Amino acid sequence: MSASLQKGIDVLKEVIDAPVASFFASCVHCGLCAEACLFYTETDDPKYTPIHKLEPLRRVYSREYTLLGRLGKMLGLSKPVSDDELEAWSELVYDSCTMCGRCSLVCPVGNDIVYMVRKLREGMAVSGHAPQGIQEAVKRTIEIGSPMGVKWPAIQHVIKDQEAETELKIPIDQPGVDVLVLMSSMEVINYPEYLGALAKIFHKSGVTWTLSSEASEATNAGIQIGVSDLAREIVARIVNAAEKLGVKRVLSPECGHAYMAIRWEGPNLMGRPFPFEVVHVLELLDELRRAGKLKMKDQFTTPVTLHDPCQIVRRGGVLDAPEPLLRQVVSDYRPMPDGNKWNWCCGGGGGASSIQEPAAEALRFKAFQVKKRQIEASGVNTMVTFCSNCRIVMEEAVDHYEMKTQLLGLTELLAAHLED
Amino acid sequence: MADHGTLEQRLAQQGISRRAFLKFCTAMASLMALPPGSAAAIAAALAKAKRPSVIWLSFQECTGCTESLTRSHAPTLESLIFDMISLDYHHTLQAASGFAAEKSRTDAMQEFYGKYLLIVDGSIPTKDGGIYSTIAGRTNLDLLQEAAKGAAAIIAIGTCASFGGIPKANPNPTGAVAVSDIVKDKPIINISGCPPIPAVITGVLAQYLTFGGLPELDHLGRPKAFYGETIHDRCYRRPFYDQGKFAKTFDDAGARNGWCLFELGCKGPTTHNACATTKWNGGTSFPIESGHGCLGCSEPDFWDAGGFYQALSMPATPLTFATGAAVAGAAIGIGVSLANRAKKSAAKKAHQAATLDDLEK
């Protein structure tokens, strides 16, 4: 295999740009990002301070692109970034960072720390320091088409089941429709009823839609591991399929990182604007709600609270859709403290949930304690969310802590109470 | 010297009226920043005060402090009140000499043990066993240690006694130190200045006689009432400083118009003393009024604190410097940015698309 330190350093040299330079130059070392990071607040370990996680990137920046750093390098005063150092940082860059973006939000000088973590991962990945779990997810995505190894026949199976459940036809490879629906493998395996829910809602509201047999996977492990070349290949499948079918819109599923990948990173990876619009399923549902096309027959009466997925709300900008949609279907909504853009991550985003090492898993559970406190503060046992990855991670943690919390997906909840 | 009668009696004998005495007390109260009502209290206390025994030891000094006190003011009340203490030993002022003089010192030390006030001017040499200054065959160090034992309090008069002063100036050949470097177990008041203002000396004495205690001191052991503010803060030329009007030479238009002497080396901003308010020579003036900057003589190590005519800090000729810096900065910036661009585009050109193989070593 061909990963090497030199490749890693070369890539870092390539990805360091003006924003990175200005971020490092303007950091005032205030430490506010530490207080914003769940891996720091739940462990009190200063190594989890977000800006510290970027130390190898800062070193490369300093040695290659600053006057003093170059002098130091020339005179042999500073040591080059080593393989051992990158290996030591792997835990900080992958296990303990979910790219939730809370640090970027609180930074008083406006440093986008996640933006830099994303760039540092580029160097970590090609120098062979990405965790094995994420490496395997990337391999499966490139080779099979899904990070979890889901193949088209498995999806066909889910389609059949949901067609039987809803008594509605689920269209495949239908050109010229309004919406190309994407799925995440987690939905195919864990929450197939999401597909049925969409079928019901679209049937009722008259939205024309289709699945594509060529591109059904919305998630992008290439972005999570930090290899743009692979991420581009993955996102190109969707773009090609959507262009071939000539759809107006591509619908990102409930998965948070999928939305980040297609909506925000996608056009940059492809280097051109898309001829179609990318919307998150909640954006589309809220549009239908505002048009009066999403009427409920009854309401869900159990008290619920809401978990806002980072990539959709804080980083994705879908700030205003979730609450009105939730209020549409539930009668007793109890917001949790630090909701909306201030929410705390489930602990498993950014590829972290695919890292299988016991230490990483234990750290995820530890980090979940902040979410646990939030749930407890809301005082209810039912939590609605709209990201399948959040949902799986939190269900595992709920079991781990033997909590009574039950998790629900917002789209399914809406479909279940939809007017007949 | 044996007469330890009350101050009022002594003043009457000297022909000082009660009215003059009260005026002095009011002046002292205001100098020490005490409330107006305390003037009466000072008068009452002083009138009844017994003359305390005072032993004055002079070490490595120039007698300027004594001069300041006795000559410049004589025969004003300040010097008279000084006369009203029982000065049992003072080299310069005493009539006695030789064994008789030393005897009067040891007698006073015995009789008033634990009660006498010890005044010291001059620094104490410590190098080579202190042999650089001796009196009656004994070193200053020895004399000070002996006299300090029975003292109620010590007043270090002048910058030499307070901080080491000129004898301590670089290279300090005699190993001169301040009183407070030697005596650690007695209250010490530092009345610094080269020389100190006479009214400050009498003010501290009046306070001691009136209240029996020491005044509030700053971090250098100086009475806050007199050393609480800088010369600069109370200087009558301060408005010119605020307006940025500075004399550039001692005979330019600025100097003639009385502008700020900062650029000519005035140490007023860093010097704590009462010169600008109390003034010298019976309230006539102080150095800055005579057109010369403050030397900073009441501060430690003033002799070694750069030249007397060197400004504390100088703004660089602003425009020239800023332009030069901007041009140099821009040039370096452009150079670095060109180099960085080249490096980044080279890295881009060398980019080989990453494959799955690149994820593992």
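Reader: How many of the contacts in chain B between residues at least 6 apart in sequence join residues at least 24 apart?

Author: The share is 72%, where two residues are in contact if their C-beta atoms, placed from the backbone, lie within 7 Å. This is a predicted model, in which local features need pLDDT of at least 70 and side-chain atom pairs count only at pLDDT 80 or more, while totals for chains, interfaces and linings use all residues. Residues are numbered from 1 along each chain as its sequence is written, with chains lettered from A and ligands numbered from 1 in the order in which they are written.

Reader: What makes a residue of chain B count as buried, and what percentage does so?

Author: A residue is buried if 20 or more other C-beta atoms lie within 10 Å of its own, exposed if 12 or fewer, and partly exposed in between. Of the 361 residues of chain B, 39% count as buried. The chain has 16 helices and nine strands, which are DSSP runs numbered from the N terminus (helices H or I, at least four residues; strands E, at least two).

Reader: Why is strand E2 of chain B described as largely enclosed?

Author: Four of the five residues of E2(B), residues 86-90, are buried, so the rest of the structure largely encloses this strand. Four bridges link E2(B) in parallel to strand E1 (residues 53-58) of chain B; two strands pair if DSSP finds at least two bridges between them, so E1(B) and E2(B) are paired. Within this pairing, B:Ile55 has B:Tyr89 as its bridge partner.

Reader: What makes E5 and E7 of chain A edge strands?

Author: An open sheet of three strands in chain A has the order E5-E6-E7, with parallel pairing. Strands E5 (305-307) and E7 (406-409) each have a single partner strand, so one side of each is left without a neighbour in the sheet. From one strand to the next, the twist averages 35 degrees. Three bridges join E5(A) to E6(A), residues 382-385, and A:Thr305 has A:Met383 as its bridge partner. Helix H21 (residues 388-400) of chain A packs on the sheet, touching E5, E6 and E7, and its direction makes about 170 degrees with that of E7(A).

Reader: How do you know that the buried residues of helix H20 of chain A line one face?

Author: In H20(A), residues 369-378, the residues A:Lys371, A:Ile375 and A:Ser378 are buried. Seen down the axis, they fall within an arc of 60 degrees, so they line one face of the helix; the arc is that of the directions from the helix axis to the C-beta atoms. Their cover includes E5, E6 and H21 of chain A. Just after H20(A), A:Gly379 takes a positive phi of about 75 degrees.

Reader: Why is H2(A) called roughly perpendicular to H5(A)?

Author: The axes of H2(A) (residues 18-26) and H5(A) (residues 55-65) come within 11 Å and cross at roughly 105 degrees. Axes are lines fitted to C-alpha atoms, for helices over the stretch in contact, and angles run from 0 to 180 degrees between N-to-C directions. Under 35 degrees counts as roughly parallel, over 145 as roughly antiparallel, 65 to 115 as roughly perpendicular and the rest as oblique; H2(A) is therefore roughly perpendicular to H5(A). A:Val20, A:Ala21 and A:Phe24 in H2(A) meet A:Arg58, A:Tyr61 and A:Tyr65 in H5(A).

Reader: What makes H15(A) and H16(A) roughly perpendicular?

Author: H15(A) (residues 228-245) and H16(A) (residues 256-270) pack at an angle of about 110 degrees, with their axes 9 Å apart. That angle makes H15(A) roughly perpendicular to H16(A).
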